[in-house]
Amino acid sequence: MTTVDDRYNNHAFTVPTWGCRAVGSGGWEVHSSRHDLQECRSGTQRRRKVECSDPADLIYTRKPGCERPNSKHFTIAVSLLPYLTIYFCYIYNPQESRKRAKDEKREPLEENQLFVVDLARDLSRVCQRSGVLEQVWNQEDTWPVVLCKAFILEWAFMLESKKKPMQSDGWPEMPELSEQDLNDEEGLQKAKTIILNWTKDLRAQPEQSVWPGEPVAKVLEDLHSAWRWGRMPNLLTAMELVMWTLICQSLEKETIPQQWFIWKQRTQKIGAVRYIPHSIWEWISDSAVEVTLDLDTANPDLLITGNDKRMRCGFQRSDVANYHQRFDGWWCAMGAEGFASGRRYWEVEVGERDWRLGVARESALRKGFKSLNTNTGYLTLRLERGSELKALTVPYTALPPGLIPRRVGVHLDHDHGQLSFYDVDTHAHIYTYNEGFGAEKLYPLFGTVEIVEDLVIRAPVIRSNCLCPVSCIWP
C-alpha cells in the first residue's frame, strides 16, 4: 500500500498498489500534478492518470513481486476526497504480451481437466449471473489434475447422495479421499458417468433459465473479483456454489450462501475457504457479542487490564482466592458469559509466540496441567513457539504455517454444532470443530504466555459502505 499524506488537512489515506502486474517496462504507476489532469503516453502503452491538489500528496510506487493473474486492460477509479481522485489504468504492451504468451504456451489439458472445463460451460449456460465460470471453460483458470479428480469424485458422491434420505440439515458430508481414490481410474469413470447423467437433464433446460437469487449472484461476483486480484488461487469455490444452487433449487435462495458455507466448513475442516465473501463475512460479524474476561477464572500469574479485555503474564503472582473455577496451572482465563444456543462471534488480537483460543464446556476441569483438548472439554487452537499452529483434537491436528493469523475471529454456531476460527486480516477460514454441544453452556477461552505483548479482545470492525463500482477490492 502507498501512503498518501495530505499535508494540508493532516489526513492519511492509502492507495492500492498490490495485485498489479508489471509488463515489460510498463506496470502500474502513480503520477501527481497541481489542479490538472496529467496523461502519460509511451509508444503503445495505455494511459495512466492522477488528479490531486498537490504534487506532494501522491507518491509514485510500484510494488514488485505482486502479480495479478490473467490480466487484461481495465480501469479502476477510487475517490478519496472531493478534490483527490486517482485513476489507475493497466499499462499494456502488446509486444511484451505476445512474447509472454509464446513463452507461456499452454500445455494440452489432461482428460479430467477437460471434463471440468466442459462442466463449467454447461453450468454457465443454464445459471444466470454465473459468468465467473467463463474463466474456467475458456481455460484462463486451469486447475491442477489432482484438484480436478477430487472435484469429480466429491460431486459425484454429492449427486448420488441426493437420491438417498438426507441428513437432518439436508446436506451430506463429503468423503475423505485417499491417494488410492484419486488414482482409481475405474472409480473416476463411474463418477464422471454420474455427473454426465445429471448434465443431460441440465442441457435440456433453456439457456439462462435458472435464477440463483441475488445473494448468490453477489457472492459469485465477489469471488470473481477476489480471484482477479490474486486473493484466491482458483475459482473452485465459485464452481461449487453454482453446483449447489442447481442441485437444490428448492432451498430458500436468501440463505443459500450461508448454508453452503456451513456445509463447506463441515466437510473441509482445515482452510475450507481461502477467501470468505463479504456478504458471508457480514453474516458472521452480525453475531458479534461483547466478551470480557472473568477475573474469578484467571490464572493468578496473569495480568488483566483494559476493562477486562487485555491480558498477559505478569512478573508477580496475584494473591487471589483459589476458586474451583480458577486456572492454577495453564495461563488461561474464561469469558464472563457462557452461551447455550444461537450464534456468537468475537475477535482477538494475538501475539507472535504462544497463545490459545477457543471455548470450554461448563463442566470442563480447570485445575493443574491436564491437556486442554477435546477429551477434557476444550475446543481450541494453539500456537506454540511462533510456528506450530494446531487444533487440540486427540491426537492434535497440525495446521499449515501459512494459516497463522495475527487477529483471530472466533465464530460459535451452537445450533449447528460448529466452532470456527478465521484470519480477520485476510478473511480466510482456518479451522472448524464440528461437535454436538447439546444444551451445555460454552465459555470463551483465552490463554497466553507472553510477558510483553497483550492478548486483546477487540470489537469487530464494521465495514463502511463501499464506493467501488464492482465487487469491493478492499480487504
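Student: What caps the N-terminal end of H6?

Tutor: Asp184 caps that end, with one of its side-chain oxygens lying 3.2 Å from the backbone nitrogen of Glu186; keep in mind as we go that this is a predicted model.

Student: Which residues of H6 are buried?

Tutor: Leu188, Ala191, Lys192, Ile195, Trp198, Thr199 and Leu202 are buried. Around the axis they cover an arc of only 125°, so they sit on the same side of H6.

Student: And which exposed residues are on the face turned away from the buried side?

Tutor: That face carries Glu186, Lys190, Lys200 and Asp201, which are exposed.

Student: What covers the buried residues, then?

Tutor: The cover includes four helices, namely H2 (111–126), H4 (145–161), H5 (179–182) and H8 (236–247).

Student: Changing topic, where does Leu223 lie, and is it buried or exposed?

Tutor: Leu223 lies in helix H7, which takes in residues 214–228, and Leu223 is buried, with a relative accessible area of 0%.

Student: What is Leu223 in contact with, leaving aside neighbours within four places in sequence?

Tutor: With those neighbours set aside, Leu223 is in contact with Met232, Leu235, Thr237, Ala238, Tyr275 and Pro277. Tyr275 is 52 residues from Leu223 along the chain, while the C-alpha atoms of the two are separated by 7.8 Å.

Conventions. Residues are numbered from 1 along each chain as its sequence is written. This is a predicted model: local features need pLDDT of at least 70, side-chain atom pairs count only at pLDDT 80 or more; totals for chains, interfaces and linings use all residues. Side-chain values use heavy atoms; hydrogens and water are left out. Helices (H or I, at least four residues) and strands (E, at least two) are DSSP runs, numbered from the N terminus. Buried means under 20% relative accessible area, exposed over 50%, partly exposed in between (1.4 Å probe, protein chains only). Contact means heavy atoms within 4.5 Å. The arc is that of the directions from the helix axis to the C-beta atoms. A polar contact is a pair of N or O atoms within 3.5 Å; within protein, one must be able to donate a hydrogen and the other to accept it, and residues adjacent in sequence count only if both atoms are side-chain atoms.
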